[in-house]
Amino acid sequence: MLDIDKQLKQIHIKSQPISNDVMKNVILAAASKKKSKARNPYTRKLVWALPAVALVVAAMILIAMPNAVKDLTISEMNYYTVDINPGISIQVDDKDVVIETTAINDDGKQLLKTIDLGGLYIDDAIEKILRAAKEMGYLNDGHVVVGYFGSGKHGISMDKVEELAGKAKTIFLMGTREQYEDFVEEGLHPGLELLYIKGEELGITDGQDASEIVAAIIKLKLEIVDPTDELTPDKTPEFTPEKTPKESSETTPDKTPEPTPDKTNKPTQSPGNHESATISGEVTDNGIRLNWSKVDSGGFTGYKVVASKTNPNPKYPDDGYLYYITNRDTTTVLVPFYKLKSNTNYYFSITALYDGEKVAGNAIMLKTPHVEISYEGAPITGYATEEKIVLDWMQIDTPGAMGYKVVASKTDSTPSYPENGYIEWITNLEVHHREYAPSGTLVAGETYWFAITVVYEDGTKITENSIQLTVPSVEPTASPTPHIYEGTTLAGSFNETGISLSWTQVDADGASGYKVVASSTDSTPSYPENGYIEWITNLATTSRGYEPSESLLAGETYWIAITVVYGDGTKVTSNVIQLTMPAATPSPTATPRVYEGTTISGSANDTHVVLNWGQVDTPGAVGYKVVASSTDSSPSYPENGAIEYITSLGTTSREYAPSGTLVAGETYWFAITVLYDDDTKATNNAIQLTMPNP
Amino acid sequence: MTEQKRLLIRYTEGDVQAMNELIEAYKQDLYNLCFRLTFSLSDADDLFQQTWLKVINRPEKFNGNSFKNWLYTVCVNTFRDGYRKRMRLMKIGGVEFKNNQAKDIAMALVSDNVTTEDIAQGNFIKTTLVAHVNRLASKYKTVIVLYYYQDMSYDEISKILNIPIGTVKSRMNTAKSKLHKQLLPIVKTEEVIWEEEKYVRH
């Protein structure tokens, strides 16, 4: 029996002697530090690094704002960073007024040459940066990462940033001033560093660039930011287990529980009259779907999604939180089962955060199904031919698996990701075969250990085994490079008007285009099995926006994927994302549809009755029904039938001689009913005429 | 006011000897932590120096409570940031990243009272276990090292990492669960081999 606790306790790690050189360095550092008399190295570095012009500007600000002198101490300064690709760091005072800007890269330097941000409020400064970036062609469909490093409330309006960012994906991240200083000391870009950290926390650790990480974070959490590492374990229950609301567990079926009616689960009262969010939820195949009511009170800063196994009234901060959602309009989240214990009752609640107040809402109890979360590895096999090495591994379809890292090492006989890096990241779990010809990475004639590391959404990485192969030393000449069928990685987001999709460009030979696939029922949609909503043949197109339509219904949740179609019929489907189309809201600018009738006039002569009416040009009109009734003074179609259906809207006159239908000498009420394409009918007036009796 | 706070104040006033006293008092504890976090002598040297540099540069950041806890916090944060940096370097470096710390790990485990059989069987499991601890994500590794090798309580770890005790426990459980999953197949195989070897010897 393997007892990890016991084994860990038995491990004795000896004290290691400290080398004399190391101690000498430390003691020298302590001595030289005091000689420099600077407050800290960052301050020193910052001061000396400032260009003379910036010093003059800072001095002018001090002169112009004598009352602010006290504010301009290091301890009360905060920092913002903007990364588009121009990278800019902005130092602000405690009023969020810009004190100093610093370019973090060459593009940042170029951009700062064109604008002056001194004395602006941070919101205006960032707007100016984004506008300048757009004009200079930096801001396309990449990313905008805005970072805030400081204490207190930040002054950023992300709505505004998103609006100005256009197609670029935006994200707002928060760090501490100390982090900023540490990052700068280490020569790192603070904003991007924060992004990488956030990516790592969410398990995005595969060396993607900033845009991809932003997209992946958006994909993973949509508007959700800053999830906890894990659910905070329950505290000692403040109530006896027997008092667990039995009623609720009995009356609430596991699959579709209603908000627990138990008194203890009522929301707390807000002394500031701030609104609480009412939660409901259900157990789905993929996790616990929680929905809650949107709060409209002012001062809103976010929702904390809270869960507890023991506290029937969980709330933030007492019970930790699962997700922190800063978008007021985001009122749903799917908690994957791997975040929760299987076959366990959980109480869920939403704590709405306001400036200075936290308001816990009602709680519901849901039971997770019995799910065995297994972390499967992908055993690898392979061989080398004269031209290439061929790797095969077991295909994984374990829930939570994100993809395969193909790992190679010349020296480590048990290579794995991330310890040994990787040579390819494959997100299509159906792929289980790769061929590699000699290259700069896999050098001809060299022997490598190969392995497959399966990466799971929760960050778990499983490497099963490794194999040793020698890359062939003769480079292929005549035979063509093995065809690679590349898939794409999809990300998406939604807003009030619709959903936005973006995916990585595929430029593999033979790729014909992308099929955008959506299904409300199939969690792994693909083309052709699920049809498609759009066929895009321009491979450079990597984003699309969709508003609610007949294909994508308002309020409906869809599983969405991109299938890359190849000329030889091969299809490779991307990862799947789940997005909900926003509920349809009537557009204030939409003109209501008009249904126009027509006015009939007429006369009778010796042989005929003559009917005339005005031409109808209203969009959607498809024809006229000529109606006659000897009894009804306001006849109309279909109530009174029709003596003729005229589909030419240009026809505005008709003569009728006595017939079996219109009997000679009889008096009739005549009318014209205009028909529309949506089956609407419009009848204006009727006239009375007597059929001649020749 | 604690003795350590007094020493730091003296240092900020220009008394270099005061910092030397602190360094002398905590150097071995800190170096042990550095080594147990990195399992590499060269990385431990770097981490040790970086930690002291931060203390030297920002003595005013010490709040006057437990100096050891603060020192450990600085060390753990420095390790965590460095770990991220190394991860990124690995991504950039791709195939050629070397994780050649086996020798350091083995050396760390060699204790004077270890028997031959321990080395033959027990130490294999322990070495493998330590190797897997070393591969854990930094947040899991840190709690294991602080708890098992630095003999710190959950409460102290909670203060050092600035996270709730519940989260410390949760990370500990997750870490052990991960280690168990990773070790089980290896241990099973090794037990079989061990049993077979015993049989042959008899």
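Reader: What's the strand order in the open sheet of 3 strands in chain A?
Author: This is a predicted model, to be clear. The order is β21-β22-β25 in chain A, and the pairing is antiparallel.
Reader: And which strands stand at the edges?
Author: β21 (490-494) and β25 (543-546) of chain A. Each has a single partner strand, so one side of each has no neighbour in the sheet.
Reader: How much are neighbouring strands turned against each other there?
Author: By 15° on average, ignoring direction.
Reader: How many bridges join β22 to β25(A)?
Author: There are 4, with β22 (residues 499-503) of chain A running antiparallel to β25(A). Ile499(A) sits opposite Tyr546(A) in that pairing.
Reader: Switching to β16 of chain A: how many bridges join that strand to β19?
Author: 8 bridges link β16 (residues 401-409) with β19 (residues 447-456), antiparallel. Gly403(A) faces Val455(A) across that pair. β16(A) also pairs antiparallel with β17 (residues 424-426) of chain A through 3 bridges, where Lys405(A) is opposite Trp425(A).
Reader: Okay, over to chain B. At what angle do α7 and α8 pack?
Author: About 135°, with the axes of α7 (residues 138-149) and α8 (residues 154-161) 10 Å apart.
Reader: Is the crossing left-handed or right-handed?
Author: Right-handed. On the α7(B) side the contact residues include Leu146(B) and Tyr147(B), and on the α8(B) side they include Ile157(B) and Leu161(B).
Reader: What's the make-up of that contact by class?
Author: 6 nonpolar residues, 1 polar and no charged ones.

Technical notes
Residues are numbered from 1 along each chain as its sequence is written. Chains are lettered from A and ligands numbered from 1 in the order in which they are written. This is a predicted model: local features need pLDDT of at least 70, side-chain atom pairs count only at pLDDT 80 or more; totals for chains, interfaces and linings use all residues. Two strands pair if DSSP finds at least two bridges between them. Helices (H or I, at least four residues) and strands (E, at least two) are DSSP runs, numbered from the N terminus. Axes are lines fitted to C-alpha atoms, for helices over the stretch in contact, and angles run from 0 to 180 degrees between N-to-C directions. A crossing is left-handed if the near helix is turned anticlockwise from the far one by less than a right angle, and right-handed if clockwise. Two residues are in contact if their C-beta atoms, placed from the backbone, lie within 7 Å. Ala, Val, Leu, Ile, Met, Phe, Trp, Tyr, Cys and Pro count as nonpolar, Asp, Glu, Lys and Arg as charged, and the others, Gly among them, as polar.
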